[in-house]
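Dear colleague,

Please find the structure below, together with its sequence. My notes on it follow.

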Amino acid sequence: MSATSSKETLGFQAEVKQLLQLMIHSLYSNKDIFLRELISNASDAADKLRFEALSDAALFENDPELKIRIAFDRDARTLTISDNGIGMSRQEVIDHIGTIAKSGTREFFSQLSGDQKKDAALIGQFGVGFYSAFIVADRVTLTTRRAGLTAEHGVRWESEGAGDYTLETVEKAQRGTEIVLHLREDEDEFLSDWKIKSVVRTYSDHITLPIVMKKTEWKDGVETPTDEDETVNKASALWARAKKDISEDEYQEFYKHVAHDFEPPLAWSHNRVEGKQEYISLLYVPSHAPFDLYDREKRHGIKLYVRRVFIMDDAEQLMPQYLRFVRGVIDSADLPLNVSREILQSSRDIDAIKNGSVKKVLGLLEDMAENQPEKYVEFWKEFGKVMKEGPAEDFANKDKIAGLLRFASTHTDTDAQVVSLKDYVGRMKEGQTAIYYITADSFAAARHSPHLEIFRKKGIEVLLLSDRVDEWLTGNLHEFHGKPLKSVAKGGLDLGALEDEAEKTAQKEAEESMKPLVERIKSTLGERVKDVRVTHRLTDSPACLVTGEGDMSANLERLLKAAGQAAPTVKPTLEINPTHALVTRLDSESDEDRFKDWANLLFEQALLAEGGQLDDPASFVRRLNGLLAMLPG
């Protein structure tokens with residue numbers, strides 16, 4: 001190789017400079033990770049070449065045997081990792097190494113904790129594993145050529161991990177990438193055959209490509225490389241092996257490779273399906289949410305293979321949106337090798353694989369919830385909100401998903417989402433026909449809502465829903481095991497058999513005696529309300545607002561408007577508590593102006609109690625001050 005153009009010096013993107021400082025100064029105790037990351041990148045490069053070569057076999061350039069090679073040179077103090085994968089063009093080098101082309105870069109740095117173990121866990125997840133080379137090297141030289149380009153289009157990138165890097169065009173006869181690490185003074189252990197093989201077998205044994213090194217022999221007390229190659233790893237598709245032949249450690253290391261995660265998974269499911277469709281799936285549930293779980297351009301976690309040949313990363317057609325956190329591989333025996341995303345979108349075979357895989361994941365979660373409840377609590381904290389998207393998206397599995405949902409409720413009266421619908425139904429009062437819930441924009445607002453007063457008095461459990469997705473969930477999940485889900489803030493309240501005859505009689509008498517006051521308030525509030533009526537859902541508050549049974553809830557209306565979406569304004573019904581002192585005081589008020597102030601105040605405080613906003617706060621304050629001024633000194 002010889003340089004064919006002068007060197008160009010370019011500056012790193014600001015985030016890369018930060019990242020390099022992290023690698024050099026913070027992650028020293030986790031230094032073995034660099035080799036795993038570079039091998040993983042080389043494996044990905046080979047997968048990409050295989051896929052592109054399906055439609056252009058010339059990319060193999062008469063060298064179809066893909067492999068990763070590791071070599072060390074004690075005299076030069078270098079460690080070299082090379083592959084004959086897809087390689088990179090000059091622009092790709094700039095895009096992938098000079099910058100971090102990830103929407104989550106800011107999140108990456110915001111999540112750094114200073115804890116070396118935790119920070120190391122973020123590296124692969126954010127697609128920045130290449131820079132881990134600087135943990136052990138004070139200079140890194142990368143030489144690459146993209147498959148399909150001629151030898152003179154080689155590119156050499158070099159940096160000492162400071163503020164800049166050099167780039168030059170070089171001759172490179174072989175396609176692929178070679179990375180030379182110029183090791184720091186105190187990194188002699190990586191100039192050892194035993195150490196390198198030990199790291200490879202620990203972290204990269206599952207890589208499907210052969211990882212090749214020169215055999216060594218001892219001469220005069222010195223370990224010396226020979227001319228004979230040996231394959232260091234098993235170099236077989238782990239998912240294709242029998243479950244009994246795979247250790248727990250191997251499953252975990254494979255997960256870390258496929259998910260670019262440094263933490264072990266929470267659970268996994270390995271299945272071989274035979275019959276109409278033949279495929280193998282190895283699917284993992286991570287132990288923590290990826291940084292881009294709520295990113296619109298989020299990546300999906302399933303790699304698709306056909307007969308051990310990599311086809312595509314992030315195959316979104318193989319897993320529904322609400323399970324987008326699942327990582328793993330699906331290897332089909334039936335799909336065409338040149339399968340494209342368009343074919344995936346309209347393929348019955350893909351639908352069958354997807355349906356089967358979803359059932360396996362849901363079954364895995366059901367087993368975890370039943371037999372490892374503490375582990376399921378961990379899962380729910382990380383992924384509960386996306387699981388709540390499930391009933392709307394996956395009608396076929398709605399009942400299974402509903403059984404996996406967890407909520408806060410008045411039974412525990414804490415914000416911990418640990419109550420299942422099955423738990424709730426098991427605790428229902430005799431004569432109770434519905435599962436009651438309330439939605440609000442915060443747990444405190446839900447817990448202290450006046451709508452709960454009669455339910456607390458009677459000991460009836462209510463689910464307290466305060467995640468944004470809960471409005472979407474309750475709009476699509478209407479019943480569980482034959483019990484309807486009913487909002488305590490919608491429609492007229494009919495507790496049926498949960499009320500005795502004496503209570504029903506008292507309610508009718510109150511409605512009758514309060515008719516004149518109800519009409520008077522209704523006339524005063526005019527267009528602000530749909531209706532005014534006497535309530536029996538309140539015990540301590542003077543009034544509350546409810547919406548119609550089929551209307552959008554006030555909370556959903558606020559969420560839509562906050563998101564800039566058009567939402568119809570729903571007029572609420574004002575319900576008044578006939579036994580409250582403020583209401584009886586209002587009933588006896590003869591001064592018409594004062595009555596108007598107090599009636600509006602009653603409405604406005606009910607609006608505030610449910611998390612609403614006042615159109616005219618100044619008038620509310622004036623009315624409140626007027627009321628306070630009337631109190632005896």
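Tyrosine 279 lies in strand β11 (residues 279-285); strands (E, at least two residues) and helices (H or I, at least four) are DSSP runs, numbered from the N terminus. The model is predicted, so local features need pLDDT of at least 70 and side-chain atom pairs count only at pLDDT 80 or more, while totals for chains, interfaces and linings use all residues. Residues are numbered from 1 along each chain as its sequence is written, and side-chain values use heavy atoms, with hydrogens and water left out.

Tyrosine 279 counts as buried because its relative accessibility is 7% (buried means under 20% relative accessible area, exposed over 50%, partly exposed in between, with a 1.4 Å probe and protein chains only). Its C-alpha atom is 6.9 Å from that of isoleucine 330, 51 residues away along the chain. Beyond neighbours within four places in sequence, the contacts of tyrosine 279 include Asn271, Ile330 and Gly356 (contact means heavy atoms within 4.5 Å).

The largest nonpolar core has 69 residues, of which Phe325, Phe379 and Met387 touch the most other members. Such a core is a set of buried Ala, Val, Leu, Ile, Met, Phe, Trp, Tyr and Cys residues joined through side-chain atoms within 4.5 Å. Helix α9 (residues 348-371) supplies the largest share of this core, nine residues. Leaving aside neighbours within four places in sequence, phenylalanine 379 is in contact with residues including Leu266, Val285, Phe325 and Met387. A second, separate core of 53 residues has Phe34, Leu35, Ile97 and Phe262 among its members.

Yours sincerely
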